[in-house]
Amino acid sequence: MIGFPSNPLFDDNAAEEAGIRPIVVRQERTGAHMLDGIARVTSGDQVEAFACQHGPGTENSVGGIAQAYAESAPVVALPAGYSRAKTNTDPKFSSLINYQAVTKTTEQLTDPDAVGETIRRAFQAARNGRQRPGLVEIPKDVFRMEVGDIDYEPTSSTRSGPDPDAVEAAADALVDADEPVIYAGQGVHYAKGWEPLKELAELLEAPVATSLNGKSAFPEDHPLSLGAGSKSEPRQLNHFLHKADVLFGIGCSFTKTAYGITPPTEDNTIIHSTNDPGDVDKDVKSELAVIGDAKLTLEALVEEIEGRVDDDRGRYDDVVSEIASVREEWLDDWSDVLTSNETPINPYRVVYELDKTLDKDEIIATADAGNARDFMAPFFEVTEPLSYVGWGKTTQLGYGLGLMMGAKLAKPEKTCVHVMGDGAIGMVGMDFETAVREDIPIIEIVLNNFEMASYDTPFSGHYADFAESMGGYGERIEDPDEIADAIERAVQKNEEGTPVLLEFITAKYTELSRPDLE
């Protein structure tokens with residue numbers, strides 16, 4: 001349980017006495033982001049609780065819950081509320097009313113006899129279908145009421161399979177396609193559909209792109225990988241997206257956003273597979289829809305298609321060669337930037353060294369909103385499922401710090417790395433102290449160019465010194481030849497149990513890989 005007092009679950013040690021670890025953060029939003037990270041790197045298997053104070057606590061928390069809602073991350077929030085007599089008194093802030101737009105279910109618990117069923121409904125909603133936050137507001141006078149014995153069992157998670165007729169129609173279109181492209185979203189992670197996704201791609205000899213949420217659903221070192229679509233992206237992704245005569249979106253929403261792909265809608269067929277029918281035809285008109293769990297859908301398609309096609313359709317080598325050719329040309333155009341020896345350090349050099357130095361089998365990474373995201377998305381290659389936590393909407397600065405703290409709690413054996421700018425650390429930096437206090441050894445990479453992106457807003461600070469003052473390990477790097485060694489030291493410090501902040505003094509360089517604008 002993560003959050004901020006006062007709330008009896010913290011104040012009276014109620015959670016701790018029940019065997020639940022309480023973690024108090026420096027600000028509520030970061031606590032919600034940590035729970036978001038736990039849910040994401042466990043494919044939604046671990047749905048944990050958030051708690052905060054009535055009034056200012058709930059007012060401060062909206063952003064974190066809203067982010068989890070937008071990113072389809074399951075969390076159960078248990079905020080305190082004003083006493084029942086004041087629930088609807090102006091200007092008292094009501095979670096019951098104000099959180100309805102950013103939660104899947106919102107209830108107020110007013111009867112102690114209803115504790116079991118109310119909590120069960122919140123967790124059931126969060127776990128099933130499109131996973132999103134559930135919320136139960138508990139008025140502070142109700143918190144103090146006596147509750148009898150409760151016979152409570154954890155809720156179950158269920159999956160729904162696709163309509164066989166829809167699977168057959170989708171298979172027909174994919175088999176008949178000359179230039180099929182698969183676009184995989186976060187639903188593949190939640191369904192743990194990584195293997196059938198790879199089987200389908202190899203069966204069809206079709207290239208695979210992912211959304212930023214879906215990054216790492218398909219290994220980016222696979223010859224059929226096109227990388228992740230975002231505000232910046234690899235050239236090969238854009239190249240094949242506009243060649244596709246059939247685009248198959250699996251576990252994605254096709255939401256229109258500056259941080260995702262824009263599917264071409266002329267001279268092609270779009271197949272949309274999602275577990276949320278509300279996404280179908282919401283932003284992009286699809287010719288075929290397959291509603292169901294991503295893994296069950298992919299398995300059904302593999303079974304339907306494998307009897308129709310030969311082991312070698314005769315185009316694999318050509319497709320792989322074309323991907324490699326476009327990719328190599330793109331990387332060649334960016335090589336001077338990625339390997340730049342200039343000072344201040346080019347931020348792409350930091351990403352390049354991270355990509356080369358970190359053990360991809362042992363990491364979970366993310367990048368924060370703004371340029372950090374745009375530098376990392378195309379050039380940081382990931383190979384293992386759930387080794388990158390992405391997101392698909394305009395996102396709060398500082399989101400990634402909580403994500404990686406949550407990831408480390410859920411996967412303590414992993415090296416959890418977060419790349420951010422000096423704008424993001426200004427929003428959430430004090431929660432680096434939470435990582436120290438709660439023994440959550442993460443690696444924070446700060447790209448410090450003394451300015452907020454391209455907004456010409458001067459920021460400043462010595463963030464390595466700050467990290468040291470908070471009890472962690474801090475290091476400031478100004479020489480590009482020292483980047484790799486600093487990263488290796490950071491990994492070693494993490495293995496020793498110490499949170500790390502590496503502050504790279506970088507140039508004000510904001511050019512992005514935008515093949516759609518070339």
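Which residue in strand 16 is the bridge partner of Val417? The first view gives the answer.

**View 1. Strand 15 alongside strand 16.** Ile443 in strand 16 is the bridge partner of Val417. Strand 15 (residues 415–421) and strand 16 (residues 443–448) run parallel, joined by 5 bridges. Strands here are DSSP E runs of at least two residues, helices are H or I runs of at least four, both numbered from the N terminus. This is a predicted model, with local features needing pLDDT of at least 70 and side-chain atom pairs pLDDT 80 or more, while totals for chains, interfaces and linings use all residues. Residues are numbered from 1 along each chain as its sequence is written, and side-chain values use heavy atoms, leaving out hydrogens and water.

**View 2. The open sheet, order 14-15-16-18-17.** Its 5 strands pair in parallel (pairing takes at least two DSSP bridges). Strand 14 (363–367) and strand 17 (473–477) sit at the edges with a single partner strand each, so one side of each has no neighbour in the sheet.

**View 3. The largest cavity.** About 80 Å³ of space lies in this one. A cavity is a set of points on a 1 Å grid over the protein atoms alone where a 1.4 Å probe fits but cannot get out; lining residues have an atom within 4 Å of a point. Volume is the space filled by probe spheres set on the points, which are joined across faces, edges and corners. Helix 9 gives the most to the lining, with 3 residues. Other parts of the lining include Arg40, Tyr388 and Gly390.

**View 4. The second largest cavity.** Its volume is about 30 Å³, and its lining includes Leu401, Met420, Glu444 and Leu501.

Note on methods. 1 Å grid on protein atoms, 1.4 Å probe; cavity = no way out; pocket = protein on both sides within 12 Å on 5 of 7 lines; lining within 4 Å.
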